[in-house]
Amino acid sequence: MRSGHILLRPLRLTSKRVQHPRAQRKITSSSYHIATTRTAASSTLRLVCGVDRHNNYEKETLHKSIPCCGLLPQSRAQRRPYGSRTYIELEEEPLPGMETVQPYVRSSLVASGSDDSEKLPKALNMEFAISFLGTGGGAPSKHRIGSCTALRLGGQTFLFDVSEGTLRQLENSRIVPSSISKIFISHMHGDHLFGLVPVILGIGVSHKISSGDPNRKKHRHLAHGEKPTLEIYGPPGLFNYINMVLTLSCAKMNYLNVNVVELVGGRSEQGPMSSRPQRRGRRNMFLSHYPEAEIPLIARKYLEKNRDGVWVIDEPEAITEESLTRGANAGANDGFHRLPNDVNLSVGRRLHIKAAELNHLAGVQTYGFTVEEQKPPGNIDVEKTKALGVQPSKKYSLLKCGISVPTDDGAGEVHPDQVLLKSFEPRKVAILSDHRFIPTPMAQLCKNADLLVHEATLAKSDGIDKIKLRGHNTAFNAGVFAKEMGCKVVVLNHFGSTVIGRDFLCDVLAEAREGNQNACQVVASYDFLEVWIPRGGFDFDGTD
């Protein structure tokens with residue numbers, strides 16, 4: 001297996017206020033202009049979007065180097081009904097050793113538009129992409145905000161941690177806020193949490209705007225007057241935090257139902273010792289109820305861990321003939337044509353979502369998460385299936401899922417191995433937050449993941465004592481863990497706020513490669529990096 005890595009120059013952000021030219025005074029929120037220049041060494045894509053307010057406009061320039069993988073379009077970008085005048089420039093810089101993983105990497109900036117899906121291999125069009133909106137550590141820098149990772153699933157999006165500034169990152173990315181259906185909070189530290197309430201409010205506003213459009217598919221399953229629901233999973237105390245911030249800031253929640261599911265039963269669910277009640281009659285801020293701050297549209301729920309130390313957040317039922325029949329009898333909206341493992345099911349798509357504890361710091365309840373799709377349908381030979389006595393019908397979905405079906409005349413049976421051209425393995429991602437070591441239940445969940453997200457806050461030279469003191473880990477240990485668990489790609493993130501130059505990232509990548517002994521691909525993340533996982537998962541030794 002060939003080993004590759006991704007490296008980039010730091011993002012440089014400059015902002016200044018200038019007088020708006022009179023010739024361009026009539027600029028609306030939906031007007032865009034793209035200027036593209038290309039040289040022999042690199043290519044640059046520029047997106048200009050503007051709103052004219054009092055003849056002034058904001059000018060911001062984002063310079064970011066990304067792998068030269070030919071995935072940036074030169075056509076019209078997606079229109080977005082918000083934003084100040086923004087210039088986004090993407091510079092490609094070819095680097096050696098990136099050939100293996102490079103085809104699956106692109107930018108999630110809105111400047112890239114929707115058209116570059118046409119340039120991706122067909123297997124990549126079944127959306128299962130990891131977008132890194134924030135890759136910094138405890139303090140944001142000019143180049144990175146705190147932790148925020150998005151999993152895009154074709155019609156719905158999951159967010160993992162929501163640092164301060166995430167809402168702004170969303171407005172510059174491909175992700176529409178109303179597509180976010182689930183948010184997962186690993187722990188209650190500010191660099192993973194402080195952007196949560198603004199994102200909740202932003203999702204509500206986005207739903208309000210899109211609810212007036214009858215062509216928006218995501219609202220067709222809602223009854224008249226029914227509000228969409230956002231699910232948030234995290235440690236005890238998350239419900240109190242959200243309600244307190246919304247109540248004390250006098251914010252209004254009118255367009256969105258929020259279910260806050262607290263994962264209870266962890267070793268540190270009561271919080272640090274300093275926050276636990278020392279006198280009789282005092283309440284624990286993490287576990288207690290504060291009725292005076294509760295908001296009607298926000299509900300509190302609890303989820304217990306199982307005997308294996310795992311919180312099972314979602315466990316879809318297996319695809320059987322019974323589930324197929326039940327779907328057909330339920331009506332058109334829940335019908336057979338879209339089984340729970342259909343990759344095009346959008347918000348109805350069911351996945352295996354699990355969480356387990358990480359050891360971060362004493363008193364800080366911390367989780368890691370894994371998301372694995374059900375085994376996707378395979379491809380069948382339609383002509384051969386017809387010849388065996390089964391005409392196109394609901395039976396084809398069962399054959400694609402590996403279930404035998406009777407022939408149309410009832411005289412025989414067709415087996416999947418007779419008609420399947422190709423089957424696909426389910427894709428799996430593991431997202432680990434801050435930790436000093438990974439307990440066994442979490443490690444077991446990470447086995448054979450296509451993509452592992454692991455922090456690289458510290459250096460190998462810092463030693464074990466600093467790992468224990470700081471509660472963070474190294475790129476070397478990320479490489480070792482990825483090799484032990486059989487992961488195919490490990491993405492390093494949560495870099496410190498110090499100046500991160502080329503030499504620093506080269507050292508980080510070298511440490512990870514030393515740890516995994518070139519057993520998997522290594523990627524150094526940056527804000528707006530997006531990695532697509534092809535249907536069937538990565539297969540660097542064969543063909544995807």
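In which sense do strand 21 and strand 22 pair, and over how many bridges? Strand 21 (residues 428-431) runs parallel to strand 22 (residues 451-455), and three bridges link them. Here strands pair if DSSP finds at least two bridges between them. Ile 431 faces Val 453 of strand 22.

This is a predicted model, in which local features need pLDDT of at least 70, side-chain atom pairs count only at pLDDT 80 or more, and totals for chains, interfaces and linings use all residues. Residues are numbered from 1 along each chain as its sequence is written, and side-chain values use heavy atoms, without hydrogens and water.

Helices (H or I, at least four residues) and strands (E, at least two) are DSSP runs, numbered from the N terminus. Seven strands form an open sheet with mixed pairing, in the order 14-15-16-21-22-23-24. Strand 14 (310-314) and strand 24 (521-524) are the edges; each has a single partner strand, so one side of each lacks a neighbour in the sheet. On average, neighbouring strands of this sheet are turned by 20° against each other, direction ignored.

Angles run from 0 to 180 degrees between N-to-C directions, with axes fitted to C-alpha atoms, for helices over the stretch in contact; contact means heavy atoms within 4.5 Å.

| Helix | Lies across | Angle |
|---|---|---|
| Helix 10 (residues 475-485) | strand 22 and strand 23 (489-493) | about 155° to strand 22 |
| Helix 11 (residues 502-516) | strand 23 and strand 24 | about 155° to strand 24 |

Strand 7 (residues 129-134) runs antiparallel to strand 8 (residues 148-152), joined by five bridges.
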